[in-house]
Amino acid sequence: MADAIHPAAIEHLPVFITAPGQTDWLFSGVVVFLLAMILIVGNFYFRLHALPEQMAHRGKKVQMEIVAVLALISLFTHNHIFWIAGLLLALIDFPDFSSPMISIAQSLEKLSGRARTGEDEAIVSPPEPEPKSDTAGGGI
């Protein structure tokens with residue numbers, strides 16, 4: 001009598017309806033599919049979110065750190081403008097303004113005849129050798 005169909009049910013039941021005590025394969029399949037899709041979409045989201053940081057690794061260190069901070073702010077606040085700003089910052093290569101300015105400053109120092117002082121002099125120019133004296137040899 002356990003295999004009898006309820007009197008209100010139709011005679012031909014769909015495939016996804018299981019008998020009492022049987023495994024619901026449709027439910028199990030949907031659970032596995034849902035878990036797989038959550039992992040796949042989550043992995044895609046985090047890879048997409050790390051895209052500006054990966055692009056900024058080829059740039060300068062300061063630029064990379066700013067992009068990483070913008071990506072973290074975007075991740076925790078869900079404000080996409082921070083992610084877009086980080087992506088744009090990672091795409092732009094800032095010109096090197098400091099090297100030409102240092103070269104101009106060094107050239108102007110040479111033209112003016114002023115000597116460098118402090119730590120810059122010790123780093124840029126090697127120390128001069130001390131002159132030898134003949135007094136130690138017992139000379140004339």
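Which residues in α4 are buried?

Some ground rules. This is a predicted model: local features need pLDDT of at least 70, side-chain atom pairs count only at pLDDT 80 or more, and totals for chains, interfaces and linings use all residues. Residues are numbered from 1 along each chain as its sequence is written, and side-chain values use heavy atoms, with hydrogens and water left out.

Helix α4 covers residues 80–91. Helices here are DSSP runs (H or I, at least four residues), numbered from the N terminus. α4 has 12 residues and reaches 17 Å from its first C-alpha to its last. That is close to the 16 Å expected at 1.5 Å a residue; the expected span is 1.5 Å times one less than the number of residues.

Back to the opening question. The buried residues in α4 are W83, G86, L87, L89 and A90. Buried means under 20% relative accessible area, exposed means over 50%, and partly exposed is in between (1.4 Å probe, protein chains only). Seen down the axis of α4, the buried residues fall within an arc of 165 degrees, so they line one face of the helix. The arc is that of the directions from the helix axis to the C-beta atoms. What covers them? The cover includes α1 (25–49), α2 and α3.

A85 also sits in α4. At 32% relative accessibility, A85 is partly exposed.

Next, S74, in helix α3 (residues 61–77). Buried or exposed? S74 counts as buried, at 2% relative accessibility. Leaving aside neighbours within four places in sequence, S74 is in contact (heavy atoms within 4.5 Å) with H49, N79, H80, F82 and W83. W83, remember, is one of the buried residues of α4.

H57 is another case. It is in the loop between α2 (51–56) and α3. H57 is exposed, at 56% relative accessibility. The C-alpha atoms of H57 and A90 are 8.4 Å apart, and the two residues are 33 residues apart along the chain.

Last, the segment before α1, where V15 lies. V15 is exposed, with a relative accessible area of 67%. V15 belongs to a nonpolar surface patch with I5, I10, L13, F16, I17, W25, L26 and V30. Together they have about 880 Å² of accessible area. Patches are made of residues with over 30% relative accessible area and no salt bridge; like charges are joined within 9 Å, nonpolar side chains (Val, Leu, Ile, Met, Phe, Trp, Tyr) within 5 Å. A salt bridge is a side-chain nitrogen of Lys or Arg within 4 Å of a carboxyl oxygen of Asp or Glu. Areas come from the Shrake-Rupley method with a 1.4 Å probe; for residues, only the protein chains shown count as cover.

Methods:
Helices (H or I, at least four residues) and strands (E, at least two) are DSSP runs, numbered from the N terminus.
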